[in-house]
Amino acid sequence: MISRIRSVCEKKNYEFLFKTHSESLRNFIYYKCGDLQQAEDIVQDAFIKLWNNCAKIIFEKARSYLYTIARNAFLNDVAHKKVVLKYQASTAKNITHETPEYILEEQEFALKLNKVISDLPEKQRVVFLMSRIDKMKYSEIAEITGISVKAVEKRMSQALITLRNKIGNI
Amino acid sequence: MEEHFKDDTFLARWVAGELTEEELEAFKKSEDYLKYFKINEEAQKLKAPKFDKDAAFNNLIQQLDENNENKKVKKLLPNWIYAAAAVLLIALGIYNISHSSTRYQTDYGQQLAVVLPDNSKVQLNANSQLEFSEKSWKKTREVKLKGEAFFEVEKGESFKVLTPVGTVEVLGTKFNVISRDNYFEVRCHKGRVLVKGGQDIKTILTPGKAVRIINAKKEEWTFSKTKPTWLQGEITFNKTPLEQVIKALENQFGVSFDISKIDIKQRFTGGFPNKDLNSALKLVFTPMDISYTVKDDNTIILVNKSNKYKEAKENQ
């Protein structure tokens, strides 16, 4: 029965942690602030802190550590700008048989949805997007945001209700 | 049909596919179902802005390198420990301690990664001590070691590891050094290593070759790992005197052994995991036919089970 201790200070392990967590960490902060540059800076700072403390951090706890550092860094950034989130253009090509009017309606709906998501309160927005875009389970979201699974589910439900109310008549 | 408003996690569970059949059927009949369905469908098509992972990683590494050049070596221990250590080492008359030297010490069961001023890397194993002078680093790369460490040395001028029992000199390579009381062992993982010790013992090691000095005698052997197993959580031994195996257990787990009833000169070949004391004890002592009992104050008493020891003594 051999147990492996993986050291965060070993370059290949550190790189693995980066490859695994950097993107969703960046998304997490981006959903909070809508500022790509700020998100990328916070991610880099978090990984630098991870490296500087690598001897004291257990490999399996690294994700928790990174998100905690990132959340705190975000709290310290006082400026709260209006959040306008941008997404990559959808490449769905499965509606070619639809009428132009239908396609237009779809696009309008998508635009409206984007705006309404940006207007969600931050707590609801972050949970909603980590679930829908990053495909995280509620238990994972709970771990990285530092709240209970039940609280995550509440925020998710609230987000959906808010979206449904704000999106008006479809 | 407004149940989803009474249960504040209903919608979340719906999205995750965790509703019961009945709940789902009821929900599908509600007015708002289609709206929620459409919102959820559209939302899943969203993608966050592109993220160039490789570029981001390269930027990060660059930043870390820059930080490293400006980095001041951090003190990891409170100052009073330096005072105590200084008194002890001066009393042994082995080292000259200057105020500008940097010291790292690991505790029982602890490992520590250290980066030297020239970017050479040292990983300290449990209960070990590393010392070097940052100021004189540019002139001579010299570290003092007590205990065990794995070195990855950057190419450059000579790099020396001084231990109470022997010296290791390299030009740029990877090697593992064990220096405990009266025991000295060096394994070469990469490059070439010059080992000096005892009286007139001098050996050059190439990758896969190891040497130990016991009682002023030299033993050489071959091994085949690229990195020491203790970095991966297992500590291995090859015909190593039991005394050293026991010391390794003590350093790893912080226990002490009563060895008065066993023959510590026996050789042991094998390994133990460095996180699980019970497995470790089993793996080391069962093949050696030694029984172990734990006393209250973290002491383990070892007794040779068979009469082999007695017979050996009698036949001497």
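**Figure 1. Helix α5 of chain A is mostly covered.** Of the 11 residues in helix α5 (residues 122-132) of chain A, 9 are buried (buried meaning under 20% relative accessible area, exposed over 50%, and partly exposed in between, with a 1.4 Å probe and protein chains only). Helices (H or I, at least four residues) and strands (E, at least two) are DSSP runs, numbered from the N terminus. The buried set of α5(A) consists of Gln124(A), Arg125(A), Val126(A), Val127(A), Phe128(A), Leu129(A), Met130(A), Ser131(A) and Arg132(A). The model is predicted: local features need pLDDT of at least 70 and side-chain atom pairs count only at pLDDT 80 or more, whereas totals for chains, interfaces and linings use all residues. Residues are numbered from 1 along each chain as its sequence is written, chains are lettered from A and ligands numbered from 1 in the order in which they are written, and side-chain values use heavy atoms, with hydrogens and water left out.

**Figure 2. Chain B and chain A share an interface.** Chain B contributes 50 residues to the contact and chain A contributes 54 residues, where contact means heavy atoms within 4.5 Å. About 5100 Å² is buried between the two chains, and carbon and sulfur atoms give 64% of this area; buried area is the accessible area (1.4 Å probe) that two parts lose on being put together, summed over both. On the side of chain B, the residues that lose the most area to chain A are Ile39(B), Leu46(B) and Phe51(B), which together make up 13% of what that side buries.

Figure 3. The elements of chain B that give two or more residues to the side touching chain A are α2 (10-15), α4 (33-45), α5 (53-70) and β2 (112-115). The largest share of that side, 10 residues, is supplied by α5(B). By class, the side of chain B that touches chain A comprises 22 nonpolar, 11 polar and 17 charged residues; Ala, Val, Leu, Ile, Met, Phe, Trp, Tyr, Cys and Pro count as nonpolar, Asp, Glu, Lys and Arg as charged, and the others, Gly among them, as polar. The chains are also joined by 4 salt bridges, a salt bridge being a side-chain nitrogen of Lys or Arg within 4 Å of a carboxyl oxygen of Asp or Glu.

**Figure 4. Lys19(A) takes part in salt bridges with Asp54(B) and Glu15(A).** Between the chains, the side chains of Lys19(A) and Asp54(B) meet at 3.5 Å, N to O. Within chain A, the closest N and O atoms of Lys19(A) and Glu15(A) are 3.3 Å apart. Both Lys19(A) and Glu15(A) belong to helix α1 (residues 11-33) of chain A, 4 residues apart, about one turn of the helix. Lys19(A) is partly exposed at 29% relative accessible area, and Glu15(A) is likewise partly exposed at 26%.

**Figure 5. A salt bridge links Arg63(A) and Glu140(A).** The closest N and O atoms of this pair are 3.3 Å apart. The pair links distant parts of the chain, with Arg63(A) in helix α3 (residues 62-76) and Glu140(A) in helix α6 (residues 138-145) of chain A, 77 residues apart. Arg63(A) is buried, at 17% relative accessibility, whereas Glu140(A) is partly exposed, at 23%.

**Figure 6. Glu219(B) and Arg212(B) form a salt bridge.** Their side chains meet at 3.0 Å, N to O. Glu219(B) is partly exposed, with a relative accessible area of 24%, while Arg212(B) is buried, with a value of 1%. Salt bridges that share partners join Glu185(B), Arg187(B), Arg212(B), Glu219(B) and Arg267(B) into one network. Over all chains, the structure holds 20 salt bridges.

**Figure 7. Glu148(B) is buried without a salt bridge.** Glu148(B) lies in strand β5 (residues 141-152) of chain B. The nearest side chain of opposite charge, Arg180(B), is 4.8 Å away; Lys and Arg count as positive and Asp and Glu as negative, while His and the chain ends are not counted. Residues up to four places away in sequence aside, Glu148(B) touches several residues, including Gln123(B), Ser128(B), Asn176(B), Arg180(B) and Trp230(B).
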